[in-house]
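Biologist: I would like a close look at the charged and aromatic side-chain contacts here. Please show me the model before we start.

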Amino acid sequence: LDTSPAGINFSTNLPGNVKLQYLRVHDVAATGFWEAGVFVEHHNGSSGYNDVEVRDSVVHGNGKTGLFTWGGNFDASTNVRVVNVRAYNNTGIAGLSSNSGSGIILSSVSGGLIDDCCAHTNGPIGHGGIGIWAYHADRITIQFSESYNNQTNSGADGGGFDFDGGVTNSLMQYNYSHDNEGSGYALLQYRG
């Protein structure tokens, strides 16, 4: 794997809960990166991005994750759409105690859509990966997507779809999960 954190990386630490407008990633393939093929980071409260779209792209053969939004408050990015993205063979990183080996993750997002996506064969050497999931987010819809043959090397997760800790007001509909090592669909919450 390339030691660069991501193939395409957007990162902000602006103060004052600023939303940078109009972020687009279309028709790309990102493979062989340590952190993610596409990585959107937020590092200061609710500062982030608004009107984000990743469409018609492939993220495969990466370490921790294919596509990942992360950091900041639950509403760091708003109005995020992931459409027709294929995420596969994102293996995970052996020996990490944190999550690795997922296809698509939305975190720190308020108002997100994952539509017509496919995640498969992720996580064989990672810990706790899921094909398509969200955590620490609000108003997420995952629909018309397929997730299969996802695995884990730790006994944790390895499933198809998941609304994990801190997800509120969200919907999963019209998805197809099959042949995963873990659960097909998971609804999980943080302790306490």
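Is Asp-138 buried or exposed? Start there, then take me through the salt bridges and the aromatic pairs.

Modeller: Keep in mind that this is a predicted model. Asp-138 counts as buried, at 10% relative accessibility. Its side chain meets that of Arg-139 in a salt bridge, 3.5 Å from N to O. Arg-139 is partly exposed, with a relative accessible area of 45%. The cut-off for buried is under 20%.

Now the wider set. The whole structure holds six salt bridges. Shared partners join Arg-24, Asp-51, Glu-53, Arg-55 and Arg-81 into one network. Take Arg-81 and Asp-51 within it. Their side chains meet at 2.9 Å, N to O. Arg-81 sits in strand S7, residues 77-88, and Asp-51 in strand S5, so this pair ties together parts 30 residues apart in sequence. Arg-81 counts as buried at 18% relative accessibility. Asp-51 is buried too, with a relative accessible area of 19%. Both values fall under the 20% cut-off, so both residues take that label.

Glu-53 and Arg-55 form another salt bridge, 3.3 Å from N to O. Glu-53 counts as buried at 9%. Arg-55 counts as partly exposed at 27%.

Next, the aromatic rings. The count is five aromatic pairs. One of them is Phe-10 with Tyr-49, which is edge-to-face: 6.4 Å centre to centre, with 70° between the planes. This pair links distant parts of the chain. Phe-10 lies in strand S1, residues 6-12, and Tyr-49 in strand S5, residues 48-60, 39 residues apart. Phe-10 is partly exposed, with a relative accessible area of 25%. Tyr-49 is buried, at 6%.

Another pair, Phe-144 with Tyr-174, is stacked. Phe-144 counts as partly exposed at 47% relative accessibility. Tyr-174 is exposed, with a relative accessible area of 58%.

Terms used
Residues are numbered from 1 along each chain as its sequence is written. This is a predicted model: local features need pLDDT of at least 70, side-chain atom pairs count only at pLDDT 80 or more; totals for chains, interfaces and linings use all residues. Side-chain values use heavy atoms; hydrogens and water are left out. Rings of Phe, Tyr and Trp (its six-membered ring) pair if their centres lie within 6.5 Å; planes under 30 degrees apart count as stacked, over 60 as edge-to-face and the rest as tilted. Helices (H or I, at least four residues) and strands (E, at least two) are DSSP runs, numbered from the N terminus. Buried means under 20% relative accessible area, exposed over 50%, partly exposed in between (1.4 Å probe, protein chains only). A salt bridge is a side-chain nitrogen of Lys or Arg within 4 Å of a carboxyl oxygen of Asp or Glu.
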